[in-house]
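Let's take a walk through this structure together.

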Amino acid sequence: MTDTPPLPKAAGSLLELDARTRRRNAAETRFRLYGIAAVAFSLSILFVMLFTIFSDGVQSFRQASITFDVTLDPERLDPEGNRNPEEMADVTTIGYGNLLSDQLSAYMVARGISTEGVSARDLNAMISRDGPGSLRAQVLADPTMLGQTIRFTTYASGRIDGYMKGRVTRDTAARDTNISVEQLDLADRMIEAGILTAAFNWEFLTRPDASDQRPEVAGLGVAILGSAYMMGLVLLMVLPLGVAASIYLEEFAPKNRFTDLIEVNISNLAAVPSIVYGILGLAVFINYAQFPRSSALVGALVLTLMTLPTIIIATRASLRAVPPSIREAALGIGASKMQTVFHHVLPLATPGILTGTILGLASALGETAPLLLIGMVAFVGTYPASPLDGGILDPATALPVQVYAWASRSDPAFIERSSGAIIVLLAFLLIMNLVVILLRRRFERRW
Amino acid sequence: MSIAILLSAILTLSALAFVVSRQRAVASAGGNLRALHSRPAMYGWFGALSAGVPALLALAAWLIVQPLLIERDLRGMFPESVQADASALTLAMEDVRRVASGLDQAVAQGMMTAEGAQDLTGQPEAVRQLLAEIGVALAADVSPEVLAAAQDYRQMAHDGALWRTALVLALAVAGLIAAAALTTRDFRARNHVERVILLILMLASSVAVLTTVGIVLSMLTEAGRFFGMYPIQDFLFGLTWNPQFRGNSTFGLLPLLWGTLYISLVALLVAVPLGVFSAIYLSEYASARVRSIIKPLIEVIAGIPTVVFGLFALVTVGPFLRDVIARPLSLGDSGSSVMTAGIVIGILNIPFVASLADDIMNAVPQSLRDASLGLGATRSETIRQVVVPAALPGIVGAILLAGSRAIGETMIVTMGAGAAAAIDVNPFVAMTTITVKIVGALTGDTAFDSPETLVAFALGMTLFVLTLGLNVFALYIVRKYREQYE
Amino acid sequence: MPNTVPPAVSHPKISARDVNVFYGATHAIKNVSMDIPNRSVTAFIGPSGCGKSTFLRCINRMNDTVAIARVTGRIELEGENIYDRRVDPVQLRARVGMVFQKPNPFPKSIYDNVAYGPRIHGLASTRAELDAVVERSLKLAALWNEVKDRLKEPGTGLSGGQQQRLCIARAIATSPDVLLMDEPCSALDPIATAQIDDLIQQLAEDYCVVIVTHSMSQARRVSSRTAYFHLGTMVEYGETEQIFINPTEKLTENYVSGRIG
């Protein structure tokens with residue numbers, strides 16, 4: 001059909017780029033740059049976030065403490081003289097606190113360190129309020145210590161600790177009612193003399209939470225224990241439930257409306273906001289079933305319900321990945337459907353199921369909102385008992401809840417603690433994800 | 001018998017049934033295992049299930065039903081006024097339970113005998129004092145009817161526990177005997193066991209449905225109670241949110257809805273471009289090596305708990321936006337704002353959008369890309385004019401799903417957006433969302449039956465409906481338009 | 001292996017010299033040289049995996065889209081080496097069009113499918129011009145009468161044969177000098193195949209058409225020249241009749257008589 005007039009065509013030499021092609025290539029380069037910029041921006045925000053949190057949080061693993069000699073004066077600590085702990089208990093922590101500050105003052109004077117400008121009360125304030133309490137507990141447990149001179153180490157107060165970490169400066173001290181510039185000067189002299197030191201602080205991981213006035217002794221012990229209880233319980237509950245449900249849905253369920261309903265339900269539940277599970281937990285487990293508020297058991301129940309849909313979806317995918325030829329082979333030698341599934345399919349799907357479960361646990365570990373609703377925002381200062389003693393019913397808290405609770409307090413020392421808690425939380429998550437990667441590499445096959 | 005001991009008893013009986021049934025089956029075949037229909041262990045399992053399952057089911061049912069029956073019986077002991085008011089009744093029952101458990105503790109610690117506890121009468125303050133000595137704190141003096149009800153409660157609970165133990169143990173033993181009688185060599189043990197297992201599997205899958213039912217029911221009933229105290233139109237269309245500790249609060253949904261939607265919009269404006277362009281770059285331009293490093297890094301963002309992002313918003317992003325943008329431009333003075341929360345939620349959702357966009361664009365057949373490149377189009381033209389339009393329904397679905405996640409987000413808004421309910425166009429002002437108020441209402445100091453607390457369930461219902469609606473709509477769009485080029 | 005270049009090709013449209021293609025470590029095309037004349041149909045035949053599609057894709061540099069592919073040698077289009085560093089494949093592909101094995105119309109309207117090429121290359125400056133281009137391309141592809149009333153409907157709604165003709169219209173809408181066709185009828189039924197065969201012969205009056213086909217009967221029907229590929233080498237190249245009736249090489253003879261492939 002050469003009678004139709006010729007169509008407009010691209011002319012010119014191939015060896016020269018015409019203007020339009022140059023423009024199009026420029027647009028191509030710009031487009032590519034947008035892509036790189038998007039990736040770069042996302043990753044840089046990630047790094048900024050991790051860097052700021054880490055640099056602040058790492059500080060909570062160092063803690064300032066004061067070390068000096070304390071003579072346990074029997075006249076002050078045991079006025080009755082009977083070495084009877086019950087009577088000695090009448091001397092409160094205030095009495096011990098005064099003893100400590102007097103002893104510290106004497107210790108420093110003996111070494112030529114001037115306490116000028118710092119009253120006795122101010123000196124007392126530089127010692128953590130936890131100090132008198134722990135000394136008292138020691139003495140009451142062992143009254144024979146009275147009269148001895150011991151080498152006593154106590155944490156420094158939150159502000160002094162902040163000074164050593166750079167949070168508190170002379171400028172901020174001028175405006176702060178809780179610390180004065182003279183106290184900071186004294187602190188400098190104490191540092192020089194080696195009385196005030198900062199050391200690595202493992203106790204951050206083991207101590208329980210502390211009240212607002214004592215950020216220096218606040219620790220993650222209860223939170224870690226609570227999270228551990230909950231993760232253990234969730235694993236015990238969600239793995240059998242999830243695997244059982246997945247096996248039924250994937251291998252046995254007939255294709256009818258009821259099964260459709262279940263599947264639609266599962267995919268919807270996977271997308272429901274976590275706070276709704278918290279509401280469910282509050283209404284059903286606490287109000288109706290009367291389980292104790294803020295207990296690890298209720299937390300675990302709520303987290304199980306939350307994690308179940310994702311585990312079911314992952315487990316079904318693992319079961320589906322096992323090729324039909326395996327099932328056919330088993331049926332061919334006369335195994336029943338159930339034997340086929342449990343003896344042949346399930347073992348092959350196990351690596352995938354395990355990795356899915358660990359990932360589900362990892363996301364449950366980081367959940368906060370539903371736990372807040374079942375009461376875990378409250379301050380928990382004592383460890384829950386061992387699980388065998390009903391510890392799962394004791395009030396507990398969890399790592400992410402602790403992060404939130406500390407972040408809500410106004411003292412920047414608690415923000416530092418919060419960041420430290422995040423480091424611990426992320427460390428656990430990292431370990432779990434590494435386990436998943438290892439499992440995948442070792443066990444997952446390509447059919 | 002305590003529940004723990006009862007459970008151990010059931011377990012032991014089941015184990016015993018296992019052994020007995022297995023022995024009987026093997027014996028009936030004269031020791032010749034081949035003559036058995038099923039493997040010997042199957043007969044054992046049949047025995048164990050027969051002893052254990054009915055007993056466990058009965059135990060579970062009893063535990064659920066007994067408190068209901070007891071409460072129904074005790075209701076008559078209260079004055080008419082208390083019986084008529086549901087919330088007062090609940091409070092009264094709680095008092096009864098507390099006193100009863102206090103009396104239990106008193107008996108356990110040896111401060112009084114069991115009969116002494118049942119016969120106890122006396123002045124309300126005296127009883128309160130007595131219980132306080134044991135360590136049971138009560139909010140008010142113990143009124144005579146509460147004390148009497150508590151004593152009845154103890155009696156009924158005690159009797160109930162006895163009957164429960166008897167029934168459960170009887171069922172377990174009956175199961176054991178029945179199994180032992182049935183297990184002969186021709187008995188199709190495996191089939192029966194498999195049927196029971198199938199039932200168990202089915203029950204496990206209905207947990208999903210039960211959860212949904214639980215969510216809907218619990219929220220509906222409590223929200224219903226709330227709307228009994230506060231008109232639904234005022235809730236849905238109210239413009240102010242002002243809960244008062246002493247009552248007379250206004251609960252208008254609109255400021256919360258505004259804050260929620262505004263923050264989600266900002267989040268989408270951040271997540272969608274960054275997510276889609278990241279996905280485009282990684283799937284169309286990046287080399288395999290680059291992709292294998294960068295993709296997992298972006299996934300790391302998805303693995304970080306939201307509370308970490310919340311702290312980031314509180315400590316870094318909020319002050320940054322306030323100092324660099326809001327204050328200089330006189331737009332606002334607060335670190336908590338819609339921008340803070342919105343931007344951080346957006347960042348959180350970048351991996352979600354990127355991974356969805358990646359899947360969607362990969363689903364576009366390579367042949368279309370080849371056709372476009374063969375016609376002389378550049379890669380960006382191919383993406384813009386062929387791939388993205390073909391993937392558009394999926395991308396719209398991804399946007400809706402990301403919006404749904406942003407709406408349901410709690411921790412970042414709690415820590416980054418503040419708690420002030422307001423309707424404002426300026427995004428550098430603090431506004432709050434539905435989720436924040438749910439947390440506030442349920443963790444505050446107000447009594448459970450007050451409207452200030454129950455409003456949380458109405459809010460929860462709203463949130464659930466909103467997110468569910470978005471998810472269903474997203475699925476519908478994807479499904480409807482996907483057929484276009486399959 | 002001697003590569004016979006028939007002396008009748010005086011001004012070849014496409015001229016290949018010592019072309020080698022490597023996919024990673026695999027040597028896929030070994031030292032192919034040939035001249036392809038204008039206004040004719042040249043067919044590449046050979047058993048599966050012999051490299052005919054690979055070599056075809058060298059002519060419009062589609063192998064560039066495969067990361068591990070490496071091409072050496074010269075291929076000239078009207079005297080200019082298309083593998084010269086200064087050449088942008090984007091411009092090349094406006095002059096060398098391609099039709100693929102499985103019809104792949106865009107999920108756009110029929111109009112937009114055909115208009116895609118002219119749009120991106122800026123070949124039509126007004127709407128009227130574009131309309132004219134679309135109409136002429138569809139007429140040349142023998143599809144106009146069937147779709148002229150439904151240009152706005154999606155291209156994916158057509159039958160298999162119609163879709164392939166749409167793809168041909170799309171490819172010629174940019175007025176390419178060369179039209180490459182990679183087994184264009186292997187996914188079509190015999191009737192549609194016959195229609196496309198007729199179309200090819202008509203297109204040969206204006207275009208240089210190179211077609212890869214695994215159907216020897218199609219090669220005999222439509223082409224004037226045929227090249228036989230075997231394991232990456234071009235074994236023999238000459239007039240179609242000669243290749244099929246009186247092949248020089250043993251390998252060629254084995255293939256065309258059906259003993260291999």
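What follows goes from the whole assembly down to single residues.

Before anything else, keep in mind that you're looking at a predicted model. The predictor gives the complex an ipTM of 0.90 along with a pTM of 0.85. For chain C, the mean pLDDT comes out at 90, and 96% of its residues reach 70 or more.

Let's begin where the chains meet. Chain B and chain A touch through 63 residues from chain B and 65 residues from chain A. On chain B's side of that contact, helix α8 (residues 189–229) gives the most, with 18 residues. Sort the chain B side by class and you get 41 nonpolar, 19 polar and three charged residues. Chain A also meets chain C: here 17 residues of chain A are in contact with 26 residues of chain C. The chain A side of this second contact splits into eight nonpolar, five polar and four charged residues.

Now for the domains. Chain B is assigned domain 1 (3–187) and domain 2 (241–481), and the C-alpha centres of these two lie 48 Å apart. Chain A is divided as well, into domain 1 (58–201) and domain 2 (221–443). In chain A, 45 Å separate the C-alpha centres of domain 1 and domain 2. The two domains of chain A do touch: eight residues of domain 1 are in contact with eight residues of domain 2. On the domain 1 side, those are two nonpolar, four polar and two charged residues.

What about the inside? The largest nonpolar core has 266 residues, and Leu311(B), Val344(B) and Val209(C) have the most contacts inside it. Helix α10 (residues 253–285) of chain B supplies the largest share of this core, 18 residues. Apart from it there's another core, of 30 residues, with Phe68(A), Phe152(A), Val168(A) and Leu186(A) among them. Which residues does Val209(C) touch, leaving out those up to four places away in sequence? They are Val41(C), Leu179(C), Met181(C), Ile200(C), Leu203(C) and Ala204(C).

Next, follow a helix in chain A. Helix α1 (residues 19–57) of chain A has 39 residues, which should span 57 Å at 1.5 Å a residue; its end C-alpha atoms are 56 Å apart, so the two values agree. The buried residues of α1(A) include Phe31(A), Gly35(A), Ala38(A), Val39(A), Ser42(A) and Ile45(A).

Helix α4 (residues 93–110) of chain A is another one to find. With 18 residues, α4(A) reaches 25 Å from its first C-alpha to its last, close to the 26 Å expected at 1.5 Å a residue. Its buried residues are Tyr96(A), Leu99(A), Leu100(A), Ser101(A) and Leu104(A). What covers them includes β1 (62–71), α2, α5 (120–126) and α6 (130–141) of chain A. After α4(A) comes Gly112(A), with a positive phi near 80 degrees.

Two arginines have positive phi values too. Arg83(A), which is not a glycine, has a phi near 55 degrees and lies in the loop between α2 (74–77) and α3 (85–88) of chain A. Is Arg83(A) buried or exposed? It counts as exposed because it has 12 C-beta neighbours inside 10 Å. Over in chain C, Arg39(C) has a positive phi of about 45 degrees and sits in the loop between β2 (26–36) and β3 (40–45). Arg39(C) is partly exposed, since 13 other C-beta atoms lie within 10 Å.

Asn145(C) has its place in helix α5 (residues 144–147) of chain C, and with 9 other C-beta atoms within 10 Å it is exposed. Asn145(C) and Glu135(C) are ten residues apart in sequence, and their C-alpha atoms are 9.9 Å apart in space. Ala194(C) lies in helix α7 (residues 190–203) of chain C and is partly exposed, having 15 other C-beta atoms within 10 Å. From Ala194(C) to Glu241(C), 47 residues apart along the chain, the C-alpha atoms are separated by 20 Å.

Definitions and conventions: Residues numbered from 1 in each chain as written. Chains lettered and ligands numbered in written order. Predicted model: local features only at pLDDT ≥ 70, side-chain atom pairs only at ≥ 80, totals over all residues. Contact = placed C-beta atoms within 7 Å. Helix = DSSP H or I, 4+ residues; strand = E, 2+ residues; numbered from the N terminus. Nonpolar A, V, L, I, M, F, W, Y, C, P; charged D, E, K, R; others polar. Domains from an automatic or database assignment. Core = buried A, V, L, I, M, F, W, Y, C linked by C-beta atoms within 7 Å. Buried ≥ 20, exposed ≤ 12 C-beta atoms within 10 Å, placed from the backbone. pLDDT = per-residue confidence, 0-100. Expected span 1.5 Å × (residues − 1).
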